[in-house]
Amino acid sequence: MGSRGPWGGAVGAGGAGRHAELEEARTGGNLGDEVGVLRGVSGSAGGGGPCAQGGVGQRRRRVLRAEQGEMLLDFPPGWAGRGGRQGYFYIFCVTLHFFLCSRLMALKRMGIVKDYEKIRTFAVAVVGVGGVGSVTAEMLTRCGIGKLLLFDYDKVELANMNRLFFQPHQAGLSKVQAAEHTLREINPDVQFEVHNYNITTLDNFEHFMDRISNGALEEGKPVDLVLSCVDNFEARMAINTACNELGQIWMESGVSENAVSGHIQLIIPGESACFACAPPLVVAANIDEKTLKREGVCAASLPTTMGVVAGMLVQNVLKYLLNFGTVSYYLGYNAMQDFFPTMSMKPNPQCSDHNCRKQQENYKKKEAARPKEEVIEKEEEIVHEDNDWGIELVSEISEDELKAASGPVPELPEGISVAYTIPDKEENLIIGETVAESEESLEELMAKMRNM
């Protein structure tokens with residue numbers, strides 16, 4: 001009669017040895033050895049198991065210990081009762097999970113991230129599943145994000161095949177449907193929620209706000225981050241409006257029409273500039289961007305540029321969520337010069353979005369209530385107390401000359417300062433002796449100068 005296995009299944013005579021190996025591999029912390037033993041268990045014949053799969057039994061839970069912690073994998077009830085190819089499919093899932101996680105967990109061992117497993121507790125909304133959004137969603141799926149919410153209303157076309165992610169056989173499917181199917185195969189542990197609609201319409205906008213407010217892993221709580229991967233200003237302004245109203249932190253991304261530059265931007269309502277604080281000319285001038293498109297001329301598209309921008313975006317997402325490295329408020333990319341400009345922008349007090357101005361006031365109140373850290377000024381150490389040679393540093397410009405060369409400082413929003421001022425010409429006119437007019441010609445005056 002068979003004995004009980006480590007996960008509650010019956011172990012036949014043919015499977016006892018295998019389970020001993022499995023227990024040894026499991027307790028030894030070598031997940032690769034455990035997966036190898038599992039393959040052997042699945043393929044061997046046992047005497048006591050209900051599915052004669054080497055005594056794998058009715059186990060529904062298995063704890064797989066990796067080097068940096070434990071991961072709990074929940075298998076559906078009765079999976080062990082399925083033989084043949086289905087049994088190998090679940091073994092494949094275990095193997096896939098090992099390879100997905102072992103490389104990522106190495107970040108903790110190397111001191112980059114304190115707790116990488118925390119990535120599974122986050123929910124991220126991706127708006128726009130095109131050239132940048134689809135690659136962004138794939139990277140987040142491979143990184144083990146807890147939940148992805150995908151928003152797009154477009155369909156996959158053969159014209160999209162010069163980009164990454166989508167495949168020709170998916171032409172005609174909605175982008176969110178095709179993306180969900182592909183991403184589930186990559187990492188079945190991620191939860192997906194897809195919405196096939198245009199967020200700029202009134203009804204859909206209200207539903208969009210509801211989902212980012214209540215669509216976290218725990219229903220009723222807001223998502224941790226919203227990522228804008230759209231290709232038009234109308235959708236960007238819609239996301240900006242929703243996030244300003246909800247106080248939702250989000251990241252904006254984009255690729256230029258000529259496909260050789262792009263950028264990402266972190267927007268924290270009230271703390272950093274929103275999309276309406278410094279809008280593009282098209283938005284500021286209230287121009288319908290559809291009228292700018294020329295007939296027969298389409299925007300260029302390079303998978304390389306889109307891949308670079310998506311990589312920068314996901315890297316910034318990971319740094320923000322897992323709290324490591326320096327999170328970029330704005331990071332650009334120019335492929336022509338391999339130039340990566342970075343900067344941060346303060347919010348505009350005269351922003352056209354009233355919710356942005358409201359968030360700015362709330363941020364100022366929070367900053368005022370926060371206890372200020374005392375800054376201890378350190379005295380400069382004197383390198384050389386003796387000055388045998390009497391060397392002194394003397395300014396070449398006196399204070400009066402500096403004042404005369406400066407002008408009034410204009411009133412500017414907080415965080416902005418002028419590099420220099422323009423002096424008032426009338427006030428700084430030097431009144432001195434004038435030279436009397438002379439009837440001598442230029443040649444005579446030059447002859448006098450040569451004789452001096």
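How many helices and strands does the secondary structure of the protein chain come to? The chain has 12 helices and 12 strands, where helices (H or I, at least four residues) and strands (E, at least two) are DSSP runs numbered from the N terminus. The structure is a predicted model, in which local features need a pLDDT of at least 70 and side-chain atom pairs count only at pLDDT 80 or more, while totals for chains, interfaces and linings use all residues. Residues are numbered from 1 along each chain as its sequence is written, and side-chain values use heavy atoms, with hydrogens and water left out.

The pLDDT, the predictor's confidence in each residue on a scale from 0 to 100, averages 76 over the protein chain, and 71% of the residues score at least 70. Over residues 1-16 the pLDDT is below 50, and this stretch has 36 contacts in the model beyond near neighbours in sequence, a contact being heavy atoms within 4.5 Å. Residues 18-89 also have a pLDDT below 50, with 131 contacts beyond near neighbours in sequence. Where pLDDT is low, the predicted coordinates should not be read in detail.

Taken as a whole, the protein chain has 452 residues, of which 40% are buried; buried means under 20% relative accessible area, exposed over 50%, and partly exposed in between (1.4 Å probe, protein chains only). Among contacts between residues at least 6 apart in sequence, 61% join residues at least 24 apart. The chain exposes about 28200 Å², and carbon and sulfur atoms supply 53% of that area, as computed by the Shrake-Rupley method with a 1.4 Å probe, where for residues only the protein chains shown count as cover.

The loop between strand E10 (261-267) and helix H8 (281-284) holds glycine 270, a residue that is buried, with a relative accessible area of 3%. Once its neighbours within four places in sequence are left aside, glycine 270 is in contact with Pro347, Gln359, Gln360 and Tyr363. Its C-alpha also lies 8.2 Å from that of lysine 364, although glycine 270 and lysine 364 are 94 residues apart in sequence.

The cysteines deserve a separate reading. A disulfide is a covalent bond between the sulfur atoms of two cysteines. With a disulfide taken as a pair of cysteine sulfur atoms within 2.5 Å, a search of the whole structure finds 0 disulfides. Cysteine 274 is buried at 4% relative accessible area, and cysteine 277 counts as buried at 10%.

In helix H4 (residues 133-143), glutamate 138 and arginine 142 lie 4 residues apart, about one turn of the helix, and they form a salt bridge whose closest N and O atoms are 3.0 Å apart. Glutamate 138 is buried at 19% relative accessible area, whereas arginine 142 is partly exposed at 40%.

In helix H5 (residues 175-186), glutamate 180 and arginine 184 are likewise 4 residues apart, about one turn of the helix, and their salt bridge has its closest N and O atoms 2.9 Å apart. Here glutamate 180 counts as buried at 18% relative accessibility, and arginine 184 is partly exposed at 37%.

A further salt bridge joins lysine 221 to glutamate 218, at 3.3 Å from N to O; lysine 221 counts as partly exposed at 44% relative accessibility, as does glutamate 218 at 47%. Salt bridges that share partners also join Lys147, Glu193, Asp210, Arg211 and Glu219 into one network.

Leucine 412 is placed in the loop between helix H11 (399-404) and helix H12 (442-451), and counts as partly exposed at 39% relative accessibility.

Terms used. Salt bridge = Lys/Arg side-chain N within 4 Å of Asp/Glu carboxyl O.
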